Amino acid sequence: MRFNWNFDYVKGSKIAYAFSIILTIAGIISILALGLNYAVDFRSGSNVDITVSKAITADQIKPIVSDLGVDTKDVHITPGADRVNVRFSNVLDENQESKFKQEFTKLDSTASYEVNTVDPEMAKELERNAIYAVLIASIGIMIYVAIRFEWRFAVAAVVSLFHDAFVVISVFSIFRLEVNLTFITAVLTIVGFSINDTIVIFDRIRENMRFAKKTTKADLREVVNRSLAQTMTRSLNTTFTVFVASLCLFIFGGESIRMFSLAMVIGTLFGAYSSIFIAAPLWLALKGKQTEKPKAAVKASN
């Protein structure tokens, strides 16, 4: 069964722009006010991952933490049926680590421990490198698109990419979801997926531009709407496939990849949304100014 995708996508982009602006403002406010909920990967501290043979509650662990001389407010405890995670905002010394294991063993004699520690300098370096990775990837994509197409396509593509990345970051900030190294991997994956979808649409726009009238902005608008309609089935099929795979990983996958999967679920949806309602209409807005210049020149000469 074939669907008729001939809609005025450019008209719908106005609502999309308003929604994205509101979401961006909310994200900026959340990040400035609350920041990101960094995992131990990006901030100094000790992360104790414990495999247990029975369920251990947070209330059972808090007295052990208090005996270490650590404020329980600075400790994040995540209990589970077979796994418990205790994250300290400060780095445990050898005595504190040994004492914690001894006391916890009284709750579960078969417990096994994995302790990861990140010092302040390493945490800052990881955070800095993560930012560099996203920026370098975006710059590389912009150069590639500018060479293959034109600068207007490049600007529209990068704006769309930053939108997708920032939306995911905003959601994680607003809902206080944990940001770790796998989250950065997810953001880079989302950037790659989003540009792939955007390039397919841009390629169809460029192809249709060869045989279309380009005298007015209305002509360009018709080209964009037709190109989006022609690529819609492919875009939705690809998005749905990645979305289902990411959702299954989130539901059935392990705790270590849960935040990666959630970021992919969010980013996949917004990646398709931005390619259709942000990237293509933004190119139209930039290209439309070019068609208006000759008219302005004619009026000036008269």
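Predicted model: local features only at pLDDT ≥ 70, side-chain atom pairs only at ≥ 80, totals over all residues.

Student: OK, zoom in on isoleucine 205. What does isoleucine 205 touch?

Tutor: Leaving out residues up to four places away in sequence, isoleucine 205 touches Phe153, Val223, Val224, Ser227, Ala280 and Trp283.

Student: Switching to helix 1. How many residues does helix 1 have?

Tutor: Helix 1 covers residues 9–33, so to speak 25 residues, and reaches 35 Å from its first C-alpha to its last. That is close to the 36 Å expected at 1.5 Å a residue.

Student: And where does helix 1 bend?

Tutor: At isoleucine 15, by about 25°. Just after helix 1, glycine 35 takes a positive phi of about 75°.

Student: Which residues are buried in helix 1?

Tutor: Tyr9, Val10, Ser13, Ala16, Ser20, Leu23, Gly27 and Ser30. As background, an α-helix has 3.6 residues a turn, so residues three or four places apart point the same way.

Student: New topic: how many salt bridges does the count come to?

Tutor: The count comes to 11 salt bridges. In one of them, the side chains of arginine 221 and aspartate 8 meet at 2.9 Å, N to O.

Student: Why does the pair of arginine 221 and aspartate 8 tie together parts apart in sequence?

Tutor: Because arginine 221 lies in helix 7 and aspartate 8 in the segment before helix 1, parts that are 213 residues apart in sequence. Arginine 221 is partly exposed at 29% relative accessibility, and aspartate 8 is partly exposed at 36%.

Student: What about lysine 287, buried or exposed?

Tutor: Buried, with a relative accessible area of 13%. Lysine 287 forms a salt bridge with glutamate 150, where the closest N and O atoms are 3.8 Å apart. Lysine 287 is in helix 8 and glutamate 150 in the loop between helix 4 and helix 5, 137 residues apart. Glutamate 150 counts as buried too, at 18% relative accessibility.

Student: Which residues do salt bridges that share partners join into one network?

Tutor: Arg148, Asp203 and Arg206.

Note on methods. Residues numbered from 1 in each chain as written. Heavy atoms only, no water. Helix = DSSP H or I, 4+ residues; strand = E, 2+ residues; numbered from the N terminus. Expected span 1.5 Å × (residues − 1). Bend = angle between axes of the 7 residues up to and from the residue. Buried < 20%, exposed > 50% of the residue type's maximum accessible area, 1.4 Å probe, protein only. Contact = heavy atoms within 4.5 Å. Salt bridge = Lys/Arg side-chain N within 4 Å of Asp/Glu carboxyl O.
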